[in-house]
Amino acid sequence: MIRDQETMNTLLDTINRFVRERLVPNEEWVAEHDAIPEDIVREMKAIGLFGLTIPEEFGGLGLTMEEEVLVMFEMGRTSPAFRSLFGTTVGIGSQGILMDGTDEQKQQWLPSLATGEVMASFALTEPGAGSDAASLRTSAVRDGDHYVVNGTKRFITNAPQAGIFTLMARTDPEVKGAGGISAFIVDAKTPGISLGKPDSKMGQKGAHTCDVVFEDCRVPAANIIGGKPGVGFKTAMKVLDKGRIHIAAICVGVAERMLDDALRYAAEREQFGQAIGEFQLVQAMLADSKAEIYASRCMVLDAARRRDNGENVSTEAACCKMYASEMCGRVADRAVQIHGGAGYMSEYGIERFYRDVRLFRIYEGTTQIQQIVIARNMLRAVR
């Protein structure tokens with residue numbers, strides 16, 4: 001669903017130029033310093049990247065799902081760390097408020113999230129609760145007009161920069177599994193919140209994660225998203241369905257960038273008196289990558305359009321996330337192989353992408369979790 005093609009083309013042209021002229025030239029700097037320059041952050045805010053999915057009435061761009069994935073195709077053509085900086089705000093950090101929040105909660109938080117004045121993080125994963133998110137143990141005990149929160153969250157993206165956390169905590173210990181979990185909006189400045197040391201990761205330098213520890217942290221009861229205890233896990237799953245299409249679109253964009261780099265190298269690098277791109281086995285790697293990227297792009301656009309049409313896309317979103325992330329890993333591997341020894345050297349950049357994209361098969365639900373979601377949905381439909 002593209003509301004105004006001319007306006008959309010202008011936005012995509014702006015982002016394409018921003019990626020080419022500002023982000024790509026700074027990729028090595030970000031990887032070396034594990035930080036994104038402040039002037040680039042300011043430009044991201046000015047372009048409106050933090051408010052892509054927040055409705056216009058709250059100061060955002062209010063993109064449809066199809067429009068969002070088109071933007072992510074463009075943003076994927078550079079280091080994933082740049083997208084990650086605003087990704088938790090436009091996605092899992094703000095969408096819970098937008099989907100299930102009260103009018104007061106939307107008015108209070110969405111305008112500042114749209115401008116990037118406040119960044120959001122999604123605090124779900126714990127040391128003992130990853131893929132089995134419904135087993136989380138962070139507790140929120142009612143005490144008058146507040147809940148007292150205790151627990152530790154792990155691998156929380158953008159936690160060091162977060163202004164608010166969308167927190168998942170167990171409010172009813174008697175209810176096991178998903179039913180006892182509630183979603184809270186927690187101001188990051190609330191007493192009782194502390195951050196662990198920044199995680200040292202395989203890749204995605206410039207995108208920061210760390211533990212978030214809650215110790216007797218008092219959160220107003222009014223901050224439960226939607227004002228309804230016990231439905232937080234349902235909110236999280238709705239948010240993740242949308243986020244999986246978003247991540248799949250990023251996988252497509254990054255894969256296109258890696259293939260472009262590999263194709264250029266194959267056309268220029270000579271061995272045995274000719275460009276290596278003339279050899280059929282190299283051509284096979286290029287062709288397989290092109291076909292798989294094309295298939296992924298079609299899947300993502302189809303799922304996005306279905307979601308815009310109001311369809312339940314839980315299965316399609318999982319298919320997109322599973323296939324596109326695995327595809328991206330295969331393209332990265334082929335790109336390194338086409339570069340040969342140069343692909344193992346940092347100066348060419350492809351080894352950095354090889355490490356960066358490995359995360360796509362893990363977060364927002366591993367490939368194996370996507371397989372379970374798809375199969376369970378299929379079996380449920382049969383029954």
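Two rings of Phe, Tyr or Trp form an aromatic pair if their centres lie within 6.5 Å, and planes over 60 degrees apart make the pair edge-to-face. The exercises below apply this to a predicted model.

**Exercise 1.** Determine how many aromatic pairs a search of the whole structure finds, and classify the pair of Phe50 and Phe86.

*Solution.* 
1. Residues under 20% relative accessible area count as buried. Phe50 has a relative accessible area of 0% and is therefore buried. Phe86, also with a value of 0%, is buried.

**Exercise 2.** Classify the pair of Phe272 and Phe279 by its geometry, and state whether Phe272 is buried or exposed.

*Solution.* 
1. The rings of Phe272 and Phe279 are 6.1 Å apart, centre to centre, with 85° between the planes, and the pair is edge-to-face.
2. The cut-off for an exposed residue is over 50% relative accessible area. Phe272 has 78% relative accessibility and so counts as exposed.
3. Phe279, with a relative accessible area of 28%, is partly exposed.

**Exercise 3.** Identify the rings over which Arg297 and Arg352 lie.

*Solution.* 
1. Arg297 lies over the face of Phe73, at a distance of 4.2 Å from the ring centre.
2. Arg352 places its charged end over the ring of Phe353, 5.2 Å from the centre of that ring.

**Exercise 4.** Name the residues of the nonpolar surface patch of about 380 Å², and locate Tyr348 in the chain.

*Solution.* 
1. The patch is made by Tyr344, Met345 and Tyr348.
2. Tyr348 is found in the loop between α10 (314-339) and α11 (350-356).
3. Because its relative accessibility is 41%, Tyr348 counts as partly exposed.

**Exercise 5.** Describe the secondary structure of the spans 7-117 and 121-217, and give their UniProt annotations.

*Solution.* 
1. An unreviewed UniProt entry annotates residues 7-117 as "domain: Acyl-CoA dehydrogenase/oxidase N-terminal". This span is 70% helix and 0% strand, with its end C-alpha atoms 25 Å apart.
2. For residues 121-217, UniProt (unreviewed entry) lists "domain: Acyl-CoA oxidase/dehydrogenase middle". Here the chain is 0% helix and 47% strand, and the end C-alpha atoms lie 17 Å apart.

Conventions:
Residues numbered from 1 in each chain as written. Predicted model: local features only at pLDDT ≥ 70, side-chain atom pairs only at ≥ 80, totals over all residues. Heavy atoms only, no water. Patch = residues over 30% accessible without salt bridge, like charges linked within 9 Å, V, L, I, M, F, W, Y side chains within 5 Å. Areas by Shrake-Rupley, 256 points an atom, 1.4 Å probe, with all protein chains shown as cover. Salt bridge = Lys/Arg side-chain N within 4 Å of Asp/Glu carboxyl O. Helix = DSSP H or I, 4+ residues; strand = E, 2+ residues; numbered from the N terminus. Buried < 20%, exposed > 50% of the residue type's maximum accessible area, 1.4 Å probe, protein only. Phe/Tyr/Trp six-rings, centres within 6.5 Å; stacked < 30°, edge-to-face > 60°. Lys NZ or Arg CZ within 6 Å of the ring centre and 35° of its normal. UniProt positions renumbered as here; feature names shortened; annotations may be inferred.
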